[in-house]
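User: Please walk me through this model, and tell me what each label rests on.

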Amino acid sequence: MNRYEQLADRLRSDIRAGLYPPGQRLPSVRRIANQQGLSIATCISAYRKLEAQGWLEARPQSGFYARTPEALPPRAHQTCHDESPGEVTMSERVAQVMRASHRDDLMVFSTAIPHPDFQPVKDVRAALGRALRHEDAGSARYGEFIGEEALRVQIARRAVESGCQIHPDDIVITTGCQEALTLALRATTQPGDIVAIESPAFFGTLQLIESLGLKALEIPTDTQTGLSPDALGLALERWPVKACLACTSFSNPSGALMPDANKRRIVQMLSARGIALIEDDIYGELAHDGERPRVAKAWDRTGHVLLCSSFSKTLAPGLRIGWIVAGRWRREVERLKYGSTMSTALLPQRALADYLSTGRWERHLTRIRRQYAEQMERMQTAIARHFPAGTRCTRPAGGFILWVELPETVDALALQSRALAAGISVAPGPLFSPQGKYGNCLRLMCAVRWDSKVDAALSTLGTMAGQ
């Protein structure tokens, strides 16, 4: 056996034994070469072999990280079949989940709210302090209704990385992404209209559709590649769809990343029919490998894509800063924004513009992308260890959310109730479908402070699922 093979076998044994748990960074090539008395070329060969076998993950400018391929659960299946449009009635169920998320006595896996450990709390606090010391107190007046110019400039500069050329005046600052989506739907639809959505879809989106009196049409969605262009095309031939709402990069809850070819095809398909694509890009910055996916808006040539996002998942949910680029509906969105909230709070806008101008956000993104990848691998490994045989799980390449398919005999709603009584909050699959599908599924949030309590909670949840 060659030296690099001997080293690969030894490292594989160390990973199996838990010396390098999933997500743990291994020593650098140079360091392990010095430790083992081997050449750098030999160590690189060993690392590359383990990478090819799935035991290591190479991350650019970061190093090699441990994986346990034989311990991960199987990939989740494709999601749903074609259905007819239907009304959404789920506000009370969603309210129950959200209320539980604010209880300190619960282990919360149910909401997509990162733990403060993943937020640059000190930097945000300092930026807020500087905004307060602004010459007009940074908050004593209303801001411009489309948003603070300095912040819109910062957002426009960063849009280039997602494949877009956006002028600051095309941007309207909103109170989180939820308001951006609300403005987009109000501008493009009327009560009773049909909106095509991914299935499963974020329950906050479904609740929004319900509140506006719209009908949701679930489109079959693959857990790796997202909403199916073929299925969408068939639905457009059959139903008078007025808008399509999709999270194109690291969708919530499936974590799917739509390939560029699919994004381009869907944009062209919808714009040819004069139908709006409302693109939710709230997780787009959280690619684990650091390569920011292009948005569907990058292929928009007719203004039919309304791009919505926020800093809630990447920075600090409490700032409540989002934005929308509304294309041909720009004037209508501006009118609706002024008529509903007049403007977004000025102080957090100024603080965020200040923070983005320092370059700290890029360093923060580099850190949390790595951390979320580690967290997701830990969660997947724990699911494989604790959950019943037959459990499947998504393998997202970004974000911090997992979609778990339990054996078909499991009732996710009943499991939610039992878990809550045991101090664990989860989001059951039926919340993510207007027709109550996915009765054996759960969405789990991975951005938690990992400790023995988290592992114990997952063990309890897995035991309950197997009973």
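Analyst: Let's start inside: 16 residues line the largest cavity, and Glu285, Arg292, Ser309, Trp323 and Trp361 are the ones nearest its centre. This is a predicted model, so local features need pLDDT of at least 70 and side-chain atom pairs count only at pLDDT 80 or more, while totals for chains, interfaces and linings use all residues. Residues are numbered from 1 along each chain as its sequence is written, and side-chain values use heavy atoms, with hydrogens and water left out.

User: What makes a space a cavity, and what makes it a pocket?

Analyst: The search runs on a 1 Å grid over the protein atoms alone. A cavity is a set of points where a 1.4 Å probe fits but cannot get out; a pocket is an open set with protein on both sides within 12 Å along at least five of seven lines. A residue counts as lining if it has an atom within 4 Å of a point. Two cavities of 30 Å³ or more turn up in the whole structure.

User: How much space lies in the largest cavity, and which elements give two or more residues to its lining?

Analyst: About 180 Å³, where a volume is the space filled by probe spheres set on grid points joined across faces, edges and corners. The elements are α6 (149-159) and β11 (305-310). Those labels are DSSP runs numbered from the N terminus: helices are H or I with at least four residues, strands are E with at least two.

User: Which residues line the second largest cavity, and how do you know they do?

Analyst: Phe250, Ser251, Asn252, Gly255, Tyr283, Gly398, Gly399, Phe400 and Ile401 meet that lining cut-off. The space is about 40 Å³.

User: What makes Phe250 stand out in its backbone?

Analyst: Its phi is near 60°, a positive value in a residue other than glycine. Most residues other than glycine have a negative phi, and most peptide bonds are trans. Phe250 sits in the loop between β9 and α10, and Pro253 lies in that loop too. The bond from Asn252 to Pro253 is cis, with omega near 20°. Another cis bond runs from Ser199 to Pro200, with omega near 5°; Pro200 is in the loop between β6 and α8.

**Helices and strands**

User: Why are α9 and α10 called roughly parallel?

Analyst: The axes of α9 (residues 229-238) and α10 (residues 260-272) come within 10 Å and cross at roughly 10°. Axes are lines fitted to C-alpha atoms, for helices over the stretch in contact, and angles run from 0 to 180 degrees between N-to-C directions. Angles under 35 degrees count as roughly parallel, over 145 as roughly antiparallel, 65 to 115 as roughly perpendicular and the rest as oblique. That makes α9 roughly parallel to α10. Contact means heavy atoms within 4.5 Å, and among the residues making it are Leu232 and Leu236 of α9 and Ile266 and Met269 of α10.

User: How do you know that β1 and β2 pair?

Analyst: Two strands pair if DSSP finds at least two bridges between them. Strands β1 (residues 56-59) and β2 (residues 63-66) have four, running antiparallel, so they qualify. Glu57 faces Tyr65 in β2.

User: What makes β13 and β16 edge strands in their sheet?

Analyst: That sheet is open, with four strands ordered β13-β14-β17-β16 and antiparallel pairing. β13 (392-393) and β16 (427-428) each have a single partner strand, so one side of each lacks a neighbour in the sheet. Helix α13 (residues 360-386) packs on this sheet, touching β13, β14 and β17.
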